[in-house]
Amino acid sequence: MFSTADTRKMYELARWCWNKRFFTLPVSSTLAKPLLDTIFKTSTITDFALYSAHDYTILALLASLGIKEYPPTVLSFSSYLVIYIDTEENNEDKRVKKIVLNPQPLDTTGTVTTGQELVLYDIL
């Protein structure tokens, strides 16, 4: 078992690595463009769509949505991202209005967390 200090250091190093990989490279904002295009094409005014993905896909989506740095909390098992797409009545004008990320829905014992770790991004 790792000490609390060792765990914090590993998280710090992981955040640094993933921040470099997903948020600082010139190609970072294009990594999830094909998936984002599909999400936009298939969404309608009355839709709710659910996609399942790995943490790397969540990070790529965040970068493609214009988020500039890794979230404050390291993504854990069962992390999820909610993207609210504002769709006009004509179903043509679509834009992301809000993004909600829950990086740690479960604690280390598998117990549901209280949502204190939610990260809200308002897209203007």
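Hi everyone, let me start with a pair of side chains: Glu12 and Lys9 form a salt bridge, with their closest N and O atoms 3.5 Å apart. By salt bridge I mean a side-chain nitrogen of Lys or Arg within 4 Å of a carboxyl oxygen of Asp or Glu. Before going on, a word on the source: this is a predicted model, where local features need pLDDT of at least 70 and side-chain atom pairs count only at pLDDT 80 or more, while totals for chains, interfaces and linings use all residues. Residues are numbered from 1 along each chain as its sequence is written, and side-chain values use heavy atoms, with hydrogens and water left out.

Back to our pair. Both residues sit in helix H1, 3 residues apart, about one turn of the helix. Helices here are DSSP runs of H or I with at least four residues, strands are runs of E with at least two, and both are numbered from the N terminus. For the cut-offs, buried is under 20% relative accessible area, exposed is over 50%, and partly exposed is in between, using a 1.4 Å probe and protein chains only.

How many salt bridges does a search of the whole structure find? It finds 2. The other one I want to show joins the side chains of Asp37 and Lys33, at 3.0 Å from N to O. These residues are 4 apart in helix H2, so about one helical turn separates them. Asp37 is partly exposed at 32%, and so is Lys33, at 43%.

Ser64 is buried, with a relative accessible area of 17%. Leaving aside neighbours within four places in sequence, Ser64 is in contact (heavy atoms within 4.5 Å) with residues including Lys33, Leu36 and Ser28.

Now to the nonpolar core, meaning buried Ala, Val, Leu, Ile, Met, Phe, Trp, Tyr and Cys residues joined through side-chain atoms within 4.5 Å. The largest one has 25 residues, and Phe23, Leu59, Leu62, Ile99 and Leu101 touch the most other members. Two or more residues each come from helices H1 (4–24), H2 (33–42) and H3 (55–64), and from strands E1 (80–87), E2 (94–102) and E3 (119–122). H3 gives the most, with 6 residues.

Finally, look at Phe23: not counting residues up to four places away in sequence, Phe23 touches Leu59, Leu62 and Tyr70, among others.
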